[in-house]
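Hi everyone, thanks for coming.

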Amino acid sequence: ISGSYLLLEALNILYVGPNLFLAPESKPGDGTFDVVLATEAERDRLVEYLSKWQDNRERLAVLPSHRGKRLKLEWTGFQVHIDDKRWPKKKDKPPPAPAAIEVRIGGKSVEFLTAP
């Protein structure tokens, strides 16, 4: 899958952050994760969801998603959060872009590999 995204979220739970319901088909513990995507074409849907998510979050969560055990991204300097922590940290010198970020899930755990 290739493209430009406003939002790309890889998760193996139904909710992310402050109870945002992004992966309605997710099955925690099944050994796969869901990659939820929002392109420019989904901008209006994403804005509506983020403005009304507390009203009926299950019905509104209708962003495209894909399932898998491995995700590889070409990092070009955009902001990344891994388990709610910014990467690279502000105090760290980022790797030269472009760099690869690979996320793999095996068994019941998730492993993140980033450039040094």
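**Salt bridges in this model**

Let's start with E102 and R70, whose side chains form a salt bridge with 2.9 Å from N to O. By salt bridge I mean a side-chain nitrogen of Lys or Arg within 4 Å of a carboxyl oxygen of Asp or Glu. This pair links distant parts of the chain, 32 residues apart: E102 sits in strand β9 (residues 99–106) and R70 in strand β6 (residues 70–75). Strands here are DSSP runs of E, at least two residues, numbered from the N terminus.

A quick word on where this comes from: it's a predicted model, where local features need pLDDT of at least 70 and side-chain atom pairs count only at pLDDT 80 or more, while totals for chains, interfaces and linings use all residues. Residues are numbered from 1 along each chain as its sequence is written, and side-chain values use heavy atoms, leaving out hydrogens and water.

So, is E102 buried or exposed? It's buried, at 17% relative accessibility, while R70 is exposed at 53%. Buried means under 20% relative accessible area, exposed over 50%, and partly exposed in between (1.4 Å probe, protein chains only).

E102 also meets R104 in a salt bridge, at 3.8 Å, and R104 is partly exposed at 33%.

Next up, D34 and R67: their closest N and O atoms are 3.3 Å apart. D34 lies in strand β4 (residues 33–38) and R67 in strand β5 (residues 65–68), so the pair ties together parts 33 residues apart in sequence. D34 is buried at 1%, and R67 is partly exposed at 41%.

How many salt bridges are there in the whole structure? The search finds five.

Note on methods: Helices (H or I, at least four residues) and strands (E, at least two) are DSSP runs, numbered from the N terminus.
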